[in-house]
Amino acid sequence: MKILRLIHTCFFIGCVLVGNFSVVAQTLSITGEVKTPLTLSINDLKAMPQTQVKAKDRDGKEHEYGGVRLVDLFQKAGVTLGGELRGENLTKYVIARAADGYEVLFSLAEIDEEFSGRTILLAHTVDGQALPQGIGPFRLVVPDERRPARWIREIKTIEIRFAK
Amino acid sequence: MKILRVIVSLLVFLGGLAALKAPHVAHLRPYSLVYPSSFGSRFTIPENNPLTEEGVALGRMLFYEPLLSKTNTVSCSSCHQQSLAFSDNRRLSIGVSGKPTRRNSMSLANLLWVKNLFWDGRVSGLEAQAAFPLTHPHEMGQSLEISAKKLSKTRLYPPLFKEVFGGATITGDQITQALSQFERTLISANSPYDRYLEGKYQLSATEKRGLELFMRGPAPERGVRGANCAHCHGGVKLFQEVFHNNGLDSIAVQDKGRQEITGEASDNGRFRVPTLRNIALTAPYMHDGRFATLEEVLDHYNERMFHPSNLSHELRTATNVEGGKTLGLTSAEKKDIIAFLHLLTDSTFITNPAFANPHPKNKPIR
């Protein structure tokens with residue numbers, strides 16, 4: 001037992017000394033007007049149905065992004081979509097926030113594929129590779145938008161709110 | 001009759017609620033904030049601390065009040081001097097202990113729009129922010145309770161607090177609330193750049209070139225030169241609430257910045273992107289005041305950055321040379337940008353008598 005504790009302590013000190021060791025794995029959380037708030041790791045995301053979309057990034061070149069459709073994540077969290085997206089639920093909006101504090105907004109109707117006919121992807125790969133640091137682990141990809149300002153990099157939280 | 005009674009009780013109840021929210025303000029004059037419409041209203045003033053003329057005036061007195069420090073020698077204004085856009089000219093500030101604090105004093109312009117304060121964004125709201133420097137052993141070094149007691153013993157303060165907040169005793173929360181009211185009024189919106197945006201200022205040739213470089217991202221493949229400053233420091237307020245690693249160190253060890261708040265390695269060395277308003281007045285620069293001049297800052301971004309793995313994406317990728325690894329501005333271009341940065345100095349902000357020390361010189365009324 002003592003040895004185990006010692007190993008544990010050494011590991012902890014090692015983490016602190018190295019400093020750059022990620023003690024808290026990067027996650028994505030979905031909160032607000034949801035039935036079930038979610039905090040997802042990269043593995044949770046990989047366990048969900050995967051979708052690929054092709055889109056042009058700021059570099060003007062087309063890339064293939066892989067990840068989970070935002071609507072699927074919203075369904076998992078119990079967000080009012082599809083038949084429920086009517087009446088006051090049409091006054092809901094979504095704030096996506098990056099690790100650096102950058103925020104962008106979508107209306108909920110924009111994200112619902114039945115409604116808008118578009119697929120917004122929570123991507124974790126680009127051209128088959130994990131998204132690099134500074135961009136990933138998660139990034140929103142909005143394929144049909146001409147300016148990628150809402151392709152929010154290092155996305156950390158998604159909050160669904162009512163406009164009041 | 002019953003309905004009438006219900007309505008009456010409802011009204012009484014609502015009235016009671018309103019009184020709970022702000023029991024003290026009924027007789028006070030509301031303070032009107034004046035700012036350009038382009039600045040927008042994306043800010044929140046706590047419901048229990050509405051701005052009043054009387055509250056702002058009290059906050060201003062407290063801002064310049066050395067009794068709030070352990071040694072009775074340091075006030076907020078010691079490290080936040082109006083002539084320097086409410087910053088100081090030291091690398092690291094000096095408080096009651098005589099030992100340098102950990103970080104460079106930040107300018108207090110346009111805090112109304114800032115949600116999370118400090119270089120690392122550790123606290124939300126000015127009321128909560130104020131408690132840090134007041135009580136930190138290297139800053140003002142005195143508990144809010146002792147500050148409240150000391151103020152209670154003066155002739156000056158008890159009637160002022162009573163007028164603004166009601167109640168018989170001065171509390172620590174009232175001190176931070178009044179300070180916050182004053183800080184929310186510190187609006188800087190009258191620099192030559194602001195006047196240029198209104199069509200009332202003519203740019204010189206170098207200022208115009210500087211503005212264009214400041215605003216544009218470089219695209220060497222299209223022959224566009226730029227410094228991309230506005231990507232992070234853009235907008236009319238020259239401020240966005242984001243926290244970036246700007247390549248000051250290969251790894252931040254002494255001061256890990258935002259990582260110390262979030263615990264996430266990817267936040268190592270990330271600090272607030274500060275406003276560039278009055279930037280020519282707020283030297284030295286960076287969270288640790290390591291750069292003495294704007295020239296050194298430009299040199300850093302142009303050719304001296306480290307490239308940690310979490311370096312800000314825009315800093316990593318911006319270059320004026322095809323395939324280049326650095327920003328690649330010429331020395332003439334850097335001079336143009338600095339000429340533009342001087343346009344951000346708001347001389348009316350630093351001389352506004354409404355923000356100056358209200359205490360009579362040499363005759364402190366206690």
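Let us start inside chain A of this predicted model, with the elements that cover the buried residues of H3(A): they include S1, S2, strand S4 (62-69), helix H4 (108-111), helix H5 (113-116) and strand S7 (121-126) of chain A. Which residues of helix H3 (residues 70-77) of chain A are buried? They are Leu70(A), Val71(A), Leu73(A), Phe74(A) and Ala77(A). Around the axis these residues cover an arc of only 160°, and therefore they sit on the same side of H3(A). If you follow the chain onward, H3(A) is followed by Gly78(A), which has a positive phi near 75°.

Two of the covering elements, S1 and S2, bring us to a sheet. In chain A, five strands form an open sheet in the order S2-S1-S10-S5-S6, and the pairing is mixed. Which strands stand at the edges? They are strand S2 (38-40) and strand S6 (103-107) of chain A; each has a single partner strand, so one side of each is left without a neighbour in the sheet. On average, and with direction ignored, neighbouring strands of this sheet are turned by 15° against each other. Further in, strand S1 (residues 28-32) and strand S10 (residues 155-162) of chain A run parallel and are joined by four bridges. To find one such pairing on your screen, look for Gly32(A), whose bridge partner in S10(A) is Ile160(A).

The peptide bond joining Gly136(A) and Pro137(A) is cis, with omega at about 10°. As background, most residues other than glycine have a negative phi, and most peptide bonds are trans.

The peptide bond from Ala283(B) to Pro284(B) is cis, with omega near -5°, and Pro284(B) lies in the loop between strand S4 (270-272) and helix H12 (294-304) of chain B. As for phi, Ala85(B) is not a glycine, yet its phi is positive, near 55°. You will find Ala85(B) in the loop between helix H3 (76-79) and strand S1 (116-117) of chain B. Is Ala85(B) buried or exposed? Ala85(B) is buried, because 25 other C-beta atoms lie within 10 Å. Leu238(B), also not a glycine, has a positive phi of about 55°. Leu238(B) is placed in the loop between helix H10 (230-233) and strand S3 (243-245) of chain B, and it counts as buried because it has 26 C-beta neighbours inside 10 Å.

Now step back to see how chain B is laid out. Chain B is divided into domain 1 (25-188) and domain 2 (192-345). Taken over C-alpha atoms, the centres of domain 1 and domain 2 of chain B are separated by 29 Å. Where the domains meet, 26 residues of domain 1 of chain B are in contact with 24 residues of domain 2 of chain B. On the domain 1 side, the touching residues divide into 10 nonpolar, nine polar and seven charged.

Finally, how many residues of chain A are in contact with chain B? There are 15 residues of chain A in contact with 17 residues of chain B. By class, the side of chain A that touches chain B has six nonpolar, seven polar and two charged residues.

Conventions
Residues are numbered from 1 along each chain as its sequence is written. Chains are lettered from A and ligands numbered from 1 in the order in which they are written. This is a predicted model: local features need pLDDT of at least 70, side-chain atom pairs count only at pLDDT 80 or more; totals for chains, interfaces and linings use all residues. Domain bounds come from an automatic or database domain assignment. Two residues are in contact if their C-beta atoms, placed from the backbone, lie within 7 Å. Ala, Val, Leu, Ile, Met, Phe, Trp, Tyr, Cys and Pro count as nonpolar, Asp, Glu, Lys and Arg as charged, and the others, Gly among them, as polar. A residue is buried if 20 or more other C-beta atoms lie within 10 Å of its own, exposed if 12 or fewer, and partly exposed in between; C-beta atoms are placed from the backbone. Two strands pair if DSSP finds at least two bridges between them. Axes are lines fitted to C-alpha atoms, for helices over the stretch in contact, and angles run from 0 to 180 degrees between N-to-C directions. The arc is that of the directions from the helix axis to the C-beta atoms.
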